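Dear colleague,

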Amino acid sequence: MTSQQLATGALLRYLHGNTEEKAILQVVGIKTIDSKTDDPSTGTKRYRLMLSDGKSTFSSCMLGTQMNHLIDNRSLKENSIIRIQRVMMNTIDKQSGRVMLMIYELEVVESDCERIGDPVALPLSDIINSGSSSNRSETASNIPASATTAALPSTTNVIRQGSKALPTLDDRNTPKKTTSESTRATSKGNNAIDKERITNIDTLNPYMNKWTIKARVSSKTQIRTYENARGPGKLFSCDLVDQSGEIRATAFNVECDKIYPLLEVGKVYYIARASLKPVNRQYNALNNDYEMTFNYDTCIEACDAGEGDNIPQIQFNFIPISEVANRAANSVCDIIGVVKSTSDMQTIMGKTSQKEFHKRDILLVDENASITATLWAKQAEEFDGSSHPVIAFKGIKVGDYNGRTLSSVNSTLICQDPPETSRTTELRVWFDREGKTMDLPDLSKGSDVANRQALFKTLAQITAEGLGLGDKPDYINVKALLTIIKKDSAVYMMCPERGCGKKVVDENNGTYRCEKCNKIYTNFEWAYMLSAEISDVTGSQWINIFRHEAEALLGISADEFGNYRMNQNESIIDNVVNKAMKHERIFKLRAKVDQFNEERKVRFTCTHVSDVDWAFNARRLIDEIKQMEPMSL
């Protein structure tokens, strides 16, 4: 017998919108729902739960797919006691008042228990008068009572277990609906797009009955053919964007031929009545848990000119180039970097098709790593990297041939110097100032240090082991304390021209001259170029700190620091500097030898700074101590 007390009334509170409660409930029914999709890929299994709070049950509870493993490993089963961690209430049909609880996160408190109490299904009248009733008030006055009643099937809140169905209190009072009433209630308005009630893309899910989105087509693939057990077919995909997010939509066969000419990249459309299913991460890296399939009754209507000006052209979800080393082969991601070098056009022959393919390799770099990206066909033929542009890839494929590589595919979108992100300016400034001369780790070489995690060293160990004196830079983590910051030279006046990054000369007449651009400006920008000393118990070392790392250390932007210095607010600057020197931090350093006036000297640059994770640090020290202990015979 369990000692757990169920949260009586919690189900109704969830339906009233109080989804913050961490209620303890019992699972009294589990039903498998096979995904029905219109594409040839395999659907993801879903589970529908009936939950009990000891007094009432509610069966329209959908388990998030990320929790499927609890059922697969038998941790979650009938009569298990659970604690709800994250739940959301979705309105399935505003007219009928049907709602569903989406269980995104739960904790199994007890797996094997007996049924608690004698719960009955929540009365449908209580459910309809829950939090969803406010959404129905707009239309309730215009719907006949008979139609409203007909839209409420008495089995909405029932999960059948074999031949037995748990009872509902409304079974005794709900009148039988007629076929004609049901038809009238469900067929109303099926052929029109509701432009007055637009749903955000980031709220779409497979359990919503009626929705309309207003979205821009950010990219569209060519029509491709395939063949499987069902025979030959064709498809195309497009990415849709609104202010809230993005989603990929695909059309097959008849719908492919019908819809492909309707959609133009860059234009905005109203779209309604398409299928939604869990995303397949092997082929889709968009920031959405679902993807869309256009069906026979999908409705698409172009927006008037200027109607979608507030909708962005594209949404990026960039990862650093160094993070590609941790991504699975054949996955896709969004990457941005500077083109450091470009190969000549190459022609290769396909092994099976014996067709010729054109390709071009580019070396893409950011502040911490480099990687080879391959462009194909028309993208390779039209690409010009001679000016070292900043390039953003939307949905580029990760390869693992002799290391990590990138390769464009049909759906890859390539943007040169994209204005949608501040990373364009950051990378341009970094590359022109120092990046073009840096020897960065290359992820495309399997043995490169970039594919290995930086080791922790003391400052004395760095010197003793001669780190940074080799042909390639060394990357080291150091736990240290800031002891000196040269505040007088912490920032400099930078050229305001986009992509320059050089220091300007103050002409002392309200103008500033950039020798690189050979121009006179009436303004400038402040930029960090911090020189600081870090120390640990074994010694000290001077390092250089730029951009984001300097902001992370000092807690203010370069503009704020520069304005304080210009206004001679020394007390504020002293407070900022002193605060930065009070805590130990983890400094990731790049050590590389430089030659100046025939003298070789190792230069240390901070590539990342973070607070100390003391639990992780303790475990690391314990592991190091164990490695030092002599082996027992």
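Three strands form an open sheet in the order β27-β28-β29, with antiparallel pairing. β27 (505–506) and β29 (519–521) stand at its edges, and because each of them has a single partner strand, one side of each is left without a neighbour in the sheet. Between β28 (residues 512–514) and β29, which run antiparallel, there are 3 bridges, and C514 stands opposite K519 in β29. Please bear in mind, here and in everything below, that this is a predicted model.

As for the chain as a whole, it has 14 helices and 33 strands, and 45% of its 633 residues are buried. Of the contacts in the chain with a separation of 6 or more, 65% are accounted for by residues 24 or more positions apart. The accessible surface of the chain comes to about 33,200 Å², and carbon and sulfur atoms hold 48% of that surface.

In helix α12 (residues 558–566), the residues A558, F561 and G562 are buried. Seen down the axis of α12, the buried residues fall within an arc of 95 degrees, and they therefore line one face of the helix. In general, an α-helix has 3.6 residues a turn, so residues three or four places apart point the same way. The elements that cover the buried residues of α12 include β26 (491–494), β30 (525–536), α11 (547–554) and α13 (570–580). After α12 comes Q568, which has a positive phi, near 60 degrees. Most residues other than glycine have a negative phi, and most peptide bonds are trans. R74 is found in the loop between α2 (68–72) and β4 (81–93), and it counts as exposed because its relative accessibility is 53%. N253, which is not a glycine either, has a positive phi of about 50 degrees, but its place is in helix α7 (residues 253–259). With a relative accessibility of 32%, N253 counts as partly exposed.

Which residues does G233 touch, leaving aside its neighbours within four places in sequence? G233 is in contact with R224, T225, Y226 and N253. The C-alpha atoms of G233 and N253 are separated by 5.7 Å, although the two residues are 20 residues apart along the chain. G233 itself lies in strand β11 (residues 231–241), and at 10% relative accessibility it counts as buried.

Finally, on the cysteines, a search of the whole structure finds 0 disulfides. C61 is buried, with a relative accessible area of 0%, and C606 also counts as buried, at 3% relative accessibility.

With kind regards

How values were computed:
Residues are numbered from 1 along each chain as its sequence is written. This is a predicted model: local features need pLDDT of at least 70, side-chain atom pairs count only at pLDDT 80 or more; totals for chains, interfaces and linings use all residues. Side-chain values use heavy atoms; hydrogens and water are left out. Helices (H or I, at least four residues) and strands (E, at least two) are DSSP runs, numbered from the N terminus. Buried means under 20% relative accessible area, exposed over 50%, partly exposed in between (1.4 Å probe, protein chains only). The arc is that of the directions from the helix axis to the C-beta atoms. Contact means heavy atoms within 4.5 Å. A disulfide is a pair of cysteine sulfur atoms within 2.5 Å. Accessible areas come from the Shrake-Rupley method with a 1.4 Å probe; for residues, only the protein chains shown count as cover. Two strands pair if DSSP finds at least two bridges between them.
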